[in-house]
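Hi,

Here is the structure I said I would pass on to you. Have a look at it first, and then read my notes below.

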Amino acid sequence: MKQQLENLISRVQNPLTHKSITDDKLFIAIEEGEKPVVVLKAAGDKKWQLAIEAQVRTLASKEGIAPDGFKFKWSDAKPEVTKQGPVAKPQRSIPGVKHVIAIASGKGGVGKSTVSVNLASTLQQMGKKVGLMDADIYGPSVGKMLGLSGRQQIDVKNDRITPVEKYGLKLMSFSFLVDDNQPIVWRGPMLGKAVEQFLYDMNWGELDFLIIDLPPGTGDTQLSLAQLVQTDGAVIVTTPQSVALLDAGRAVAMFEQVNIPILGVVENMSEFICSHCGKPSHIFSKGGGSRLAASTDSVLLGQVPLVEDCMAAAEKGEIPVYKNKNKNIKPVVDAFEHIARNLVSKLENV
Ligand SMILES: Nc1ncnc2c1ncn2[C@@H]1O[C@H](COP(=O)(O)OP(=O)(O)O)[C@@H](O)[C@H]1O
Ligand SMILES: [Mg+2]
């Protein structure tokens, strides 16, 4: 992998000079270890670093290397030391936004976007002002789940992007800016900049909650994103079986490392509810979410059952819990109300 990484590094562009980072002498070495570490020279701000990291990851994933299969180290960076620990937290908050909540998972496919969308909608239906940002730059799916496939008309006023509004939510996704079939490699250079813009150059207005759908996994991308903004904390989504819990446990550990509080665990697909007979069965085993919560000193915010109509709604671009009258989805609606209430009371008690 070291050789592969070395080869692709020469194709990465310095966003400031538009020359390759090897020409600009920014590439220092690749350190071998449990995960290879790409050592680069820090010659720009955090945004600049993220843009370069994103290019490397995008090129790497085209070579079949997992985007979180290696790490980055920026030398000459100013030492990031805070009172709380060795890694600095950005102390920027988004004007007008009361609570920022990151939704995270150890791996993809566990329902992170489903939880982001339905939690956002439930909070909105409880009378809160809610924004939803799809920061899953590698697989943005919030747009599609809300019936906003592909590029969207984005309004810019006074240099600020106006979020797209649908179902009473203010929305932003990377997928709104690019065509669905655009190869991911083109996105790389835009990523770091885009995400920071989504947070700070947006006209979010007054929000009670900004929900951020983070990319799955426990790599630097997730951390950088979570650290770009001062979050209230992260909600970890997992499925109940022990293999999934291992990944989720790693996600918890990652946030703890940088002092981002864990607000709680959501166990998704906790039971399968048959749409014909209404009977629940525990196809992915039982009790994982509460075990994870206990072992990580956090709380189980709630359990969401696996319901076929919930998936079907998302496929149609509808929010399952939004003004839903389908009785099959009622258990999902109830679950999200429970989760939203728990989350709100958790935040009020902090
Ligand atoms: N509780 C659920 N009931 C039915 N389908 C679900 C449920 N949770 C997730 N899904 C479906 O599973 C797939 C993966 O979920 P998604 O939220 O996209 O996962 P992630 O964002 O973690 O990759 C989607 O098709 C989604 O509609
Ligand atoms: Mg997703």
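Let's start with one residue: K98 is exposed, with a relative accessible area of 58% (exposed means over 50%, buried under 20%, and partly exposed in between, using a 1.4 Å probe and protein chains only).

Before going on, please note that this is a predicted model, in which local features need pLDDT of at least 70 and side-chain atom pairs count only at pLDDT 80 or more, while totals for chains, interfaces and linings use all residues. Residues are numbered from 1 along each chain as its sequence is written, chains are lettered from A and ligands numbered from 1 in the order in which they are written, and side-chain values use heavy atoms, with hydrogens and water left out.

Salt bridges

The structure has 8 salt bridges, each being a side-chain nitrogen of Lys or Arg within 4 Å of a carboxyl oxygen of Asp or Glu. In one of them K98 pairs with D208, and the closest N and O atoms are 2.9 Å apart. K98 sits in strand β4 (residues 97–104) and D208 in strand β10 (residues 207–213), so this pair ties together parts that are 110 residues apart in sequence. Helices (H or I, at least four residues) and strands (E, at least two) are DSSP runs, numbered from the N terminus.

Another salt bridge joins K112 and D136 (3.5 Å, N to O). K112 belongs to helix α3, and D136 to the loop between β5 (130–134) and α4 (142–145), so they link parts 24 residues apart in sequence. Are these two buried or exposed? K112 is buried at 5% relative accessibility, and D136 is buried at 7%. Through shared partners, salt bridges join K112, D136 and D213 into one network.

Two helices in contact

Helix α3 (residues 112–125) packs against helix α10 (residues 330–348) at an angle of about 75 degrees, with the axes 9 Å apart. Axes are lines fitted to C-alpha atoms, for helices over the stretch in contact, and angles run from 0 to 180 degrees between N-to-C directions. That makes α3 roughly perpendicular to α10, a label for angles of 65 to 115 degrees (under 35 is roughly parallel, over 145 roughly antiparallel, and the rest oblique).

Enjoy exploring!
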